[in-house]
Amino acid sequence: MNPFSRRTFLRGAGGAMLSLPGFESLATFAGAAGASKPAQRLAIFYVPIGVVRKAFFPGEADAAIPKFTSDQKEIPTKASYAPGIHPLEFTPTLEPLKPIQNEVTFITGMDRTYQNGTDVHAQCGSCFLSSAAPNTITTSAYPLDRTFDHIVADQIGGATPFRTLEISCNSHKDNLESIYFDNISWYGTGHVAPSIRDPRKLYRRLFGTTEIQSYRNITDLVLEDARSLKRELGRSDQEKFGEYFDSIRTIEQQMDKLEGMKDELSKAKIAEPPEALLPRGEYIRLMCDLMVAALQTGLTRVSTLMVGPERWNTPFTYEGLFDKPRSHHQMSHNQDKFIDDLIQLDRFHMEQFVYLVQKMAAVKEADGSSLLDNTILTYGSGLGDGATHQYSDLPIIVAGRGGGTIAPGGRRLHRPEGDPLANLWLTQARALGIKTERFADSTGEISALLT
Amino acid sequence: MCLQRLLILSVLSLGACLRSGAVASENIDAFATYLAPLFEAHCTKCHGENGKVKGKVDLLSLKSVSDISADPELIRDLIDAIDFQDMPPEDEPPLSEVDRTRAVSALETLLHQSLAKADAAPVTPIRRMNRFQYHNAVKDLFGLKVEVFSLPERMCREYDDYFQPATGKMPDRVKVGSRPLGKSQLIEKRLGGVAAFPQDLRAEHGFDTQADHLTLSPLLMESFLRLGKSIVESHDFNPANCKEWDTYFSEPKAGEPIEPIIRDRLRRLLILAFRRPVEDEVLDRYSAYVISLTREQGMSVSDAMKEGAAAVLASPRFLYLYDRGKDQDEAANRNHDFELASRLSFFLWGSLPDQRLLNLAEKHQLGDPEILAAEVDRLLRDDRLKNFCDSFPSQWMQLDRIVTSVPDPDQFPEFYYAKYRTSMDMMLEPLLLFETLLIENHSVIELIDSDFSYRSTRLRTWYGEKVDKKPDGPVTLQFERVPLKERRQGGIITTAAVMTMTSGPKRTHPITRGAWIASTIFNDPPEPPPADVPPLEESTKGVPENLTLRERFALHRENASCAGCHEKIDPLGFALEQYGPAGKWREVYENGRPVDASGELFRRHSFKNVVGFKDAILEEKKRFVRGFAAHLLSFALGRPMTASDSPALDRIVEQAAADDYRFHSLIHALVASEPFRQNASGGKALAAH
């Protein structure tokens, strides 16, 4: 892209060009206080239901096809790697990474600990980013506490209109599963940070003005109720009731902040997404576009995206892959029959990830660096394999340089046996300026990932 | 009544007598000779004379010191008005500086004495609905046939409508699921795209209704704003799922004038949602909003009404439970009736009062003891009673603790199955017993000692029975009513759930069990342990391995300086030592020494084993019922009990005793009690006649 161009292009659904000026004012807003250095961003790209290991991990091509089981045992392989740095090998599923190979680090050998008492799919997704060590939460059967993205947002998200942005590419209209299958982002134990699934709703939340107006109408109405109610209360109740006024006031200030940006954002000619149900690829890419736009403009600095929900047997239409709608989860339980289809699906998801990386690389920031240069973007799944339901040896890929804190890619880091996934979040937290000794059950940072 | 309490009570009432005597002698002068003439000179022209009562302050009606002392709120307002020179207003002659200072000082003395003299019956402060109440209120308001969002705190999931209080009978076989621990039990028919705010946790030694725990933050308020909108905008919020669709949301027929329709619908919605008569000014405001949406934004009536409903759900008049604080006027009685309606419905239904309760309040009839009693019966026989059974008993028994109990997998491998835990079955047993005692109106004494229980196949095996059936789960579980032959079983105390959740993974924790008995059964929670107590392992280092747990504790007590407390709680816990860390019966410890479960209850009733222990508790059944009634009242009123509730609790127990402590009698006595009937302004709902 021409570095002098002040326009960045977003290709949206149906091939329409969406243009978004690279706002100088916003770039400054997104940047660190007073400096021209752009802000650090965090993004998570979550893939549900694990992957087919044979086609994903180097050295496992000859392993047996796993049977459906929930015993979580790994399938033995001949491959054995020493912990440390290895070359990036392009297995069938990783092949789409080739054009961006220098931007990504493939990490193998990381584990989570399954805590007995809940469904494997529900826990692998909802607790993927959890800050809780196993068996430390006394109010829930899930080892679930304020998730990584929110802990990061506490540090870097305060100045933006949206502290975090949760996105899920789940277009199912049935409520087949509980919230634990469809949310990786949580304010705390039992307190979900609900994800936006509908591209139109996401668009309106980011760029629309009618949503704000409708909240303003509501706050106006209820404030009147609050004023008249206050007059009916005894003195000490009046004092306690002050919390209601304080809360509404804070929300109105947030809306003011957002509205201040809306004037700028309304200049962006981003078409409102259509209401029609999109095929998977277009849908996921559209959500990626909106996520990039939000990160780019400084509407948020922290965003998570689930490429699909855990379990959930309702079929999706995967254009160009299968002639009929298919259920990812059902196929994952029968690798004998569906292994080739599943490998195609894993590859399809990898292509969407590559699209997101390239999109971020194409966005230039005020100092000439790219959005990708300033972001830490992680591809990952909570299961090491969709058939074995293992929590070990998870597929993890890290892209982006995190504002110069993350080492260049083009390699594979193999972690020692039993290395907890929490070490990855600890490492990223430190790269984003959070001074902490521990994250959940972490044992130490992955120093090879840092510059 | 124990001697100690008798003493405290008599000291209290003696003190009250002394103080009120003092007030009378000291202040007749200050009021009659100084304040009353001052009011007459400067205030009553607008505040009392010729029917003029600006700001609803009537100073002419204050005839004596006792009139003014009865209203500390008024005194406070007067002090503020005079001290901050709000009154007299600018266009009236001002008070001299000397008069102002003197008036404020006299009023402050009065206020002080008035508060000291007041019965000190605490009132429940304003509080927002908790998550559970919000869910039920929204569901009832719109007549939703699906859940608004899933609530893991509703532990026992009902299948096939077993819960039918109108029949007065619990079926012998019930199909249930455990929401927090069962497989896929949080997946139920609900509104898609709606995400709840976080669960409100129970207070220590209290409930999730307790006012001081129910606060609001900007983050939570934002959740409420979004939640309200996401509810009405959910694609499952539709005519098929919403029984009240036509009442509020259907499109009017072509040609019908929409504005009166919108106004009528909103009036109904606001009265139900706000649980009170709705003033014209409020109705005007909401109507104007909804009508403007149809006019200016071209919304359909259906969509505009949904927007209006979303606003109603964010209003403090919906979100907050409160009593009016200052009613001393005509409307007072009427308001007390509405407050009583809400208190009753939130107690027994965990939700809004229905139209019938509001109608009775409107007609000033709810305060009539007979009508009130009939309404209690009606509420007790309504299916919404399940909300009470889904909130009170699990918190009273602290059953949330079983969710995270993990007995040692090596010692109890059979506890774990198919990635799940037997605690899933365990937690439902005491809940089903509670529901049965309530629905069938048994004596609450059976909570201690019942001759039946509800058990799944897995549980029966767990208790040592030979069952020729494959255990079910982890999705749904079949529970059967089983007669109990041995008295060491029965009641809630010795259930596997309670025994497991009060133990560590490898050994029992008699102190934890003792503390649980003291809190749950006798409502007398022990003080928390001091921070500097060495753990058992450390303090008995070097002690021979073959000691029993009890002998180790004895040593521990010698070391520690807290023998006083432990002499009270330890015997309660050791009485249950014959139940191991996962609730299984045992006669000997692993080291071969016999289990000694003997002891004394309250230094009065000695026992040899757990059956004797139950007998000892039955000897003290009044104490249990009084504690249980205090738990219920605390749950209903959203505040801890205080000394001033004591006389009422005694009367409740006496009334319930007359009917063999049957559950419904206890609840009737509770609703009729002074603390339940009293509202924040100290008034009480009275029948119109």
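Predicted model: local features only at pLDDT ≥ 70, side-chain atom pairs only at ≥ 80, totals over all residues.

**Stop one: strands in chain B**

Start by selecting residues 173-178 and 477-483 of chain B: these are strand 3 and strand 8, paired in the antiparallel sense over four bridges. Helices (H or I, at least four residues) and strands (E, at least two) are DSSP runs, numbered from the N terminus, and two strands pair if DSSP finds at least two bridges between them. Click on B:Arg173 and look across to strand 8 of chain B for its bridge partner, B:Glu480.

Residues are numbered from 1 along each chain as its sequence is written, chains are lettered from A and ligands numbered from 1 in the order written, and side-chain values use heavy atoms, with hydrogens and water left out.

**Stop two: the sheet in chain A**

Hop over to chain A and show an open sheet of eight strands, in the order 4-12-5-11-10-3-9-6, with mixed pairing. Strand 4 (84-87) and strand 6 (165-168) of chain A are at the edges with a single partner strand each, so one side of each has no neighbour in the sheet. From one strand to the next, the twist averages 20°.

Zoom in on strand 6 of chain A and strand 9 (residues 302-306) of chain A, which run parallel and are joined by four bridges. A:Ser168 has its bridge partner, A:Met306, in strand 9 of chain A.

**Stop three: a hidden space**

Which residues lie closest to the centre of the largest cavity? Select B:Arg127, B:Leu321, B:Ser342, B:Arg343 and B:Phe346, out of 18 lining residues. A cavity is a set of points on a 1 Å grid over the protein atoms alone where a 1.4 Å probe fits but cannot get out, and lining residues have an atom within 4 Å of a point. Now colour helix 12 (332-348) of chain B, which gives the most to this lining, with six residues.

**Last stop: helix 29**

Among the buried ones are B:Phe663, B:Leu666 and B:Val671.

Methods
1 Å grid on protein atoms, 1.4 Å probe; cavity = no way out; pocket = protein on both sides within 12 Å on 5 of 7 lines; lining within 4 Å. Axes fitted to C-alpha atoms, helices over the stretch in contact; angles between N-to-C directions. Buried < 20%, exposed > 50% of the residue type's maximum accessible area, 1.4 Å probe, protein only.
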